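Hi everyone, thanks for coming.

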Amino acid sequence: MKIRELLCGSLLLLLAQKAFAQSNVVLQVSDDPNHSRISRFIYGHFSEDLGRCIYDGFWVDSALPVRKQDRIRVDVVEALRRIHIPVLRWPGGCFADQYHWRDGIGPRASRTRTVNTTWGMVEDENSFGTHEFLELCDLLHCEPYIASNVGTGSPQEMEAWLEYLNYNGNSALTDLRRINGHEKPWHVSFWGVGNESWGCGGSMTPEHYSNEYKRFSEFAKEYPGSPLKLIASGANADDYNWTDVLMKNTGLWNAWGISMHYYTVAGSWDHKSSATHFGETEYFKALKNCLHLEELINHHSAIMDVYDPGKKKALVVDEWGIWTNVEPGTRPEFLYQQNSLRDALIAASTLNIFNNHCQRVKMANLAQTVNVLQALILTDKEKMLLTPTYYVFDLYQSHQDAEWLPIQFSSPDYSFGNDKIPAINASASRDSSGVVHITVVNLDPGHAIPVSFNITGKNYKSIKGQILSSARFTDINSFDKPDQVIPRPFGDCHLEGNQISMSIPAKSLILLEIK
Ligand code: AHR
């Protein structure tokens, strides 16, 4: 009897050990100095004059009963300040190539009324212009990133805008700036030369745009104390030829970087799926498309390496995020969509990819902050809510400007139908006070995954975790239930010296802080 029990017990133990050995993933975090920093600008955002992002998002009616500075919503500003938003891109997007900055300066009552032909033929009172955008950036404590107009603008218009913004001397344009209420220059540095010049920015070939880039950037003058970081309009997703031709023809000699746009769709561009009503098919497809970004970055970076082996020029992913159908009952051109736990996992995985490519990716801008596409914040009159994606940026902010720590591991698969993707992705960094942060994502909606981290180098004394997850991957924060998907403490992680063991619950992301 005793022998039978003993055998049974050992067999069970063996089986348990085997199961553990099969599924336990070891992530090797390298603490060796590699001198790479995760630029804080990877955590940037984008806000276009589109739908309810600027008007009725950031910039509201004077009669709306919320706290305001001028007409800027203070609750929105405060929420963004809590996550240390480092940079904000404006006025587009496609809108940038139809925007004429002079329409948006001077006394508001006499500003030119224009039509936003790109986004719904909306009449634009232009009450939110240059001064208001820069006031917003001041309140946010973030850097402005202005996308200038190449498609319907001229080098002369762009040159004048820069003089108005950045020159400290006396000229007709700086006099005008002073009359309009701003004595000192703003020192705007990030400067986009057009947007999607292959499409809505002018349907150009890369050869044609290379010449336009040279012509426009020649007149992008640097005024004393105002060095520019020029960003050339880059490729759409896997248009590698665009990057190659632009690098070859211009060498980006005067640029800080070149952009790339990539949106995740759960269906196809013609048949995108609902933001809230979807099953595992759309869940899987969206995640698979999101992870494809890594291949795009690898390929564009390899092309850039040919012309810029020292990685001096940045790849700037200045539009990214999931693009779904709009919420029922809202205007299709306004791109207002809800935001689920799935979208948070997309944001978390994308930021892990950016962190792990920080030697080339120096800036990224999620589309689009408030009420448009994968927004951080949704508003409804005086109400405001923070989306699951907002909380990803909250948890990940410790990576900003931290030293990147490479991670090596082999992920188990998350299989669906005949297809599969890596279930786990992760990134790690060490901040200036020596604290290590690891962000790890489990995309598998049905299985927790046991993992252990092995950090080379010194021993650590304490560990703290936070988790973002929810019962269903379709869960959202709504105006009635704004706290459905929020970070919660995660205590189920164990530290011994430089080894961490834990199990990552299904469809969740975790931030670990190790001291
Ligand atoms: O973010 C919405 C639009 O997507 C932008 O205006 C454009 O640049 C891109 O195609």
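Let me start with a definition: a residue is near a molecule or strand if one of its heavy atoms lies within 4 Å of it. With that in hand, who sits around the ligand? The residues there are Phe46, Glu48, Gly93, Cys94, Trp119, Asn195, Glu196, Tyr263, Glu319, Trp323, Gln368 and Leu373.

Before going on, some housekeeping. This is a predicted model, where local features need pLDDT of at least 70 and side-chain atom pairs count only at pLDDT 80 or more, while totals for chains, interfaces and linings use all residues. Residues are numbered from 1 along each chain as its sequence is written, and side-chain values use heavy atoms, with hydrogens and water left out.

So how confident is the predictor? pLDDT is its confidence in each residue, from 0 to 100. The protein's mean pLDDT is 95, and 96% of its residues reach 70 or more. Watch out for residues 5–22, though: pLDDT stays under 50 there, and the model has one contact for them beyond four places in sequence. Contact means heavy atoms within 4.5 Å.

Back to the ligand. A polar contact is a pair of N or O atoms within 3.5 Å; within protein, one must be able to donate a hydrogen and the other to accept it, and residues adjacent in sequence count only if both atoms are side-chain atoms. Which distances do we get? The side chain of Glu48 has an N or O atom 2.7 Å from an oxygen atom of the ligand, and for the side chain of Tyr263 the value is 2.7 Å. Asn195 has a polar side-chain atom 3.1 Å from an oxygen of the ligand.

Now the barrel. Helices (H or I, at least four residues) and strands (E, at least two) are DSSP runs, numbered from the N terminus. Two strands pair if DSSP finds at least two bridges between them. Here eight strands close into a barrel, in the order S2-S5-S8-S9-S10-S11-S12-S13, with parallel pairing. From one strand to the next, the twist averages 30°. The angles use axes, which are lines fitted to C-alpha atoms, for helices over the stretch in contact, and they run from 0 to 180 degrees between N-to-C directions.

Look at S2 and S13 (residues 361–367): they pair in the parallel sense over three bridges, and Gly44 stands opposite Asn365 in S13. Helix H7 (residues 240–250) packs on the sheet, touching S10 and S11, and its direction makes about 145° with that of S10. Helix H8 (residues 280–307) packs on the sheet too, touching S10, S11, S12 and S13, at about 155° to the direction of S11.

The peptide bond from Trp90 to Pro91 is cis, with omega near 5°, and Pro91 is in the loop between S5 and S6. Gly93, one of the residues around the ligand, is in the loop between S5 and S6; the bond from Gly92 to Gly93 is cis, with omega near 15°.

His141 has a positive phi, near 60°, and isn't glycine. Is His141 buried or exposed? Buried means under 20% relative accessible area, exposed over 50%, partly exposed in between (1.4 Å probe, protein chains only). His141 has 58%, so it counts as exposed.

Last stop: Thr276, in the loop between S11 and H8. At 16% relative accessibility, Thr276 counts as buried, and a polar contact of 3.2 Å joins its side chain to that of His277.

Notes:
pLDDT is the predictor's confidence in each residue, from 0 to 100.
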